[in-house]
Amino acid sequence: MRGADERSKEHDGGAPAFSLRSTRLRLRQFRVEDLEPFLAYHNDPEVVRYQSWEPFTRAEGLAFVREQATRPMFQQGQWTQVAIEFEGDAALIGDCALYVDAADARLAELGITIAPARQGRGFAREALTRLLDDRFSRRALHRVVANVDPRNTPSIALFEGLGFVREGHLRENEWIRGEWCDTLVFGCLAREWGADPRRAGARAR
Ligand SMILES: CC(C)(COP(=O)(O)OP(=O)(O)OC[C@H]1O[C@@H](n2cnc3c(N)ncnc32)[C@H](O)[C@@H]1OP(=O)(O)O)[C@@H](O)C(=O)NCCC(=O)NCCS
């Protein structure tokens with residue numbers, strides 16, 4: 001990983017733009033120019049398969065990206081989509097989504113998507129490690145959960161590899177595209193995050 005916090009004053013002549021760098025990636029706020037690569041992976045049937053969202057029309061995608069580009073990040077009661085850019089070609093390759101609880105800002109839910117052509121190279125692990133290093137080290141969060149479909153093998157491997165604890169298996173708790181789906185709940189506490197040697201390995205990659 002490169003240095004700690006590399007926020008820079010980029011956009012609005014005062015407020016620091018969100019920007020975190022890791023070995024190969026930059027995490028940043030969405031921009032309107034991200035629309036095409038965002039729609040390409042967001043609407044890919046393989047990506048949507050175990051997600052509760054529906055594909056976006058172009059107009060919906062544009063509205064979504066515009067909102068993410070202009071709204072303050074990490075507000076309570078809202079999902080923030082953090083853009084993941086590969087520094088090798090400056091391409092948008094996916095996003096981390098963080099929902100900060102409406103009642104208590106120290107609780108959050110996490111999701112992540114990597115474009116199919118970029119999967120299997122450790123990018124999800126690297127992006128989440130960097131984002132959670134930031135959120136936990138700022139004491140912004142106490143607990144993070146990820147809800148995963150038990151059939152979503154890559155996602156289970158991802159959260160187990162990051163040291164999240166498998167806390168529960170909810171049976172048929174969501175109706176998604178014509179079927180009842182189970183949910184595995186993975187959780188991680190701030191005090192566990194810094195202490196787990198598995199993540200030291202991720203940082204060193
Ligand atoms: C889940 C997802 C983000 C993983 O992205 P990725 O960049 O391919 O993941 P990584 O390369 O960082 O791999 C993370 C772990 O998953 C494992 N993994 C990745 N793809 C896998 C696959 N197809 N089968 C089994 N394990 C897999 C890796 O081996 C790695 O485990 P390790 O750390 O023990 O070596 C990606 O598959 C995706 O976007 N899926 C669609 C959206 C989705 O379901 N998101 C999860 C919602 S919470």
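**Figure 1. The largest nonpolar core of the predicted model.** The core holds 38 residues, of which Leu27, Ile84, Cys96, Ala127, Leu128 and Leu131 touch the most other members. Helix α4 supplies the largest share of this core, 6 residues. In soluble globular proteins, nonpolar side chains tend to be buried together.

Figure 2. Once neighbours within four places in sequence are set aside, the contacts of Ala127 are Leu25, Leu27, Ile84, Cys96 and Ile112. Leu27, Ile84 and Cys96 are, like Ala127 itself, among the core residues that touch the most other members.

**Figure 3. Helix α4, residues 123-137.** The 15 residues of α4 span 21 Å from the first C-alpha to the last, close to the 21 Å expected at 1.5 Å a residue. Because 11 of these 15 residues are buried, α4 is largely enclosed by the rest of the structure. After the helix comes Arg139, which has a positive phi, near 55°.

**Figure 4. The shell of 23 residues around the ligand.** Gln119, Ala124, Pro154, Ala157 and Gly161 come nearest to the ligand. Two or more residues of the shell are given by each of β5 (107-114), α4, β6 (143-148) and α5 (153-161). The greatest contribution is that of α5, with 6 residues. By class, the shell consists of 11 nonpolar, 10 polar and 2 charged residues.

**Figure 5. Gln76 in the loop between α3 (58-70) and β3 (79-86).** Gln76 counts as partly exposed because it has 13 C-beta neighbours inside 10 Å. Although Gln76 and Ala102 are 26 residues apart along the chain, their C-alpha atoms are separated by 4.8 Å. Beyond neighbours within four places in sequence, Gln76 is in contact with Val100, Asp101, Ala102 and Ala105.

**Figure 6. The chain as context for the close-up views.** The secondary structure amounts to 7 helices and 8 strands. Of the 205 residues in the chain, 28% are buried. Among contacts between residues at least 6 apart in sequence, 57% join residues at least 24 apart.

Key
Residues are numbered from 1 along each chain as its sequence is written. This is a predicted model: local features need pLDDT of at least 70, side-chain atom pairs count only at pLDDT 80 or more; totals for chains, interfaces and linings use all residues. Helices (H or I, at least four residues) and strands (E, at least two) are DSSP runs, numbered from the N terminus. The expected span of a helix is 1.5 Å times one less than its number of residues. A residue is buried if 20 or more other C-beta atoms lie within 10 Å of its own, exposed if 12 or fewer, and partly exposed in between; C-beta atoms are placed from the backbone. A residue is near a molecule or strand if its C-beta atom, placed from the backbone, lies within 6 Å of it. Ala, Val, Leu, Ile, Met, Phe, Trp, Tyr, Cys and Pro count as nonpolar, Asp, Glu, Lys and Arg as charged, and the others, Gly among them, as polar. A nonpolar core is a set of buried Ala, Val, Leu, Ile, Met, Phe, Trp, Tyr and Cys residues joined through C-beta atoms within 7 Å. Two residues are in contact if their C-beta atoms, placed from the backbone, lie within 7 Å.
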